[in-house]
Amino acid sequence: MALKVLVGCKRVIDYAVKIRIKPDKLGVVTEGVKHSMNPFDEIAVEEAMRMKEAKLVNEIIVVSCGPAQAMETIRTALAMGADRGIHVEIPLDQMDTFQPIHVSKVLAKLAEQEKVDIVMLGKLAIDDDSNQTAQMTASLLNWPQGVFASKIDKTDAGLEIIREVDGGLETIRTTLPAVLSADLRLNEPRYATLPNIMKAKKKKVVKMKPADLGVDMAPRIQVVSVEDPPVREAGQTVSDVDDLVAKLKDKGFSSA
């Protein structure tokens with residue numbers, strides 16, 4: 001039986017951009033800054049495409065939550081080969097308070113509406129590094145989860161997933177439907193070809209708001225302060241071990 005996959009794609013500040021903190025220290029500057037699809041979400045789209053090419057999946061739906069510019073992210077995923085898109089519109093001035101719990105509720109509602117078999121996400125977004133959305137989506141749906149996946153295989157009973165853990169690799173088996181999140185080594189995403197970029201412009205994208213899905217947008221977390229990491233001090237050279245020990249004592253790192 002061919003499967004239906006829902007893939008989440010987040011629009012984030014491009015990984016090559018130098019981040020600047022807002023003057024009020026409540027976030028980062030996003031105006032006039034290059035954005036692109038979250039790299040881990042690209043991996044998720046690619047994996048869904050490979051499953052489709054293997055005749056395991058018959059439809060890939062991509063969803064992105066964000067302002068009007070999020071449509072560019074959806075079109076990128078459609079150019080990679082996804083079939084249709086859903087744009088959940090979030091006003092630009094509400095993006096700072098749009099949190100993983102809201103995304104999880106949106107994805108859970110869409111998964112139920114679309115009757116999908118797999119929700120596929122990147123393991124985290126490179127802007128907030130939350131690493132929460134896949135896990136909370138699985139909890140809301142009461143579905144099994146395979147997060148930090150570095151290999152995914154279809155089995156008669158569901159899926160076999162090799163996932164990256166602190167001690168190495170862990171192999172798990174899940175039934176379907178399930179929620180998955182892609183790790184860095186799962187695959188290498190393809191580049192969209194010009195013909196596919198042109199085809200993507202004609203693919204269907206449905207627009208909706210969180211309220212259409214019954215999602216409460218009240219923030220659950222308050223950002224108190226966002227700050228640059230401390231500047232690293234320059235290193236010092238020492239002449240011998242005694243000199244090293246003396247400097248460590250001066251800095252309070254050694255009592256010997």
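Predicted model: local features only at pLDDT ≥ 70, side-chain atom pairs only at ≥ 80, totals over all residues.
Strand S8 covers residues 159–165 and strand S9 covers residues 168–174; the two pair in the antiparallel sense over 7 bridges. A hairpin of 2 residues joins S8 to S9.

Helix H1 spans residues 39–53, 15 residues in total, and its first and last C-alpha atoms lie 21 Å apart, close to the 21 Å expected at 1.5 Å a residue. Its buried residues include Phe-40, Ile-43, Val-45, Met-49 and Met-51. Just after the helix, Lys-55 has a positive phi of about 65°.

Helix H2, residues 70–80, is mostly covered, with 8 of its 11 residues buried. Among them are Met-71, Thr-73, Ile-74, Leu-78 and Met-80.

## Nonpolar cores

The largest nonpolar core contains 35 residues, and Val-7, Ile-60, Val-62, Ile-118 and Met-120 have the most contacts inside it. Elements giving two or more residues to this core include strand S1 (3–8), strand S4 (57–66), H2, strand S6 (118–122) and S8. H1 gives the most, with 7 residues.

Leaving aside neighbours within four places in sequence, Val-62 is in contact with Val-7 and Cys-9, with Ile-74, Ala-77 and Leu-78, and with Ala-82, Arg-84, Gly-85 and Ile-86. Of these, Ile-74, Ala-77 and Leu-78 are buried residues of H2. A second, separate core has 26 residues, including Leu-6, Ile-61, Ile-86 and Val-119.

Definitions and conventions. Residues numbered from 1 in each chain as written. Heavy atoms only, no water. Helix = DSSP H or I, 4+ residues; strand = E, 2+ residues; numbered from the N terminus. Expected span 1.5 Å × (residues − 1). Buried < 20%, exposed > 50% of the residue type's maximum accessible area, 1.4 Å probe, protein only. Pairing = 2+ DSSP bridges. Core = buried A, V, L, I, M, F, W, Y, C linked by side-chain atoms within 4.5 Å. Contact = heavy atoms within 4.5 Å.
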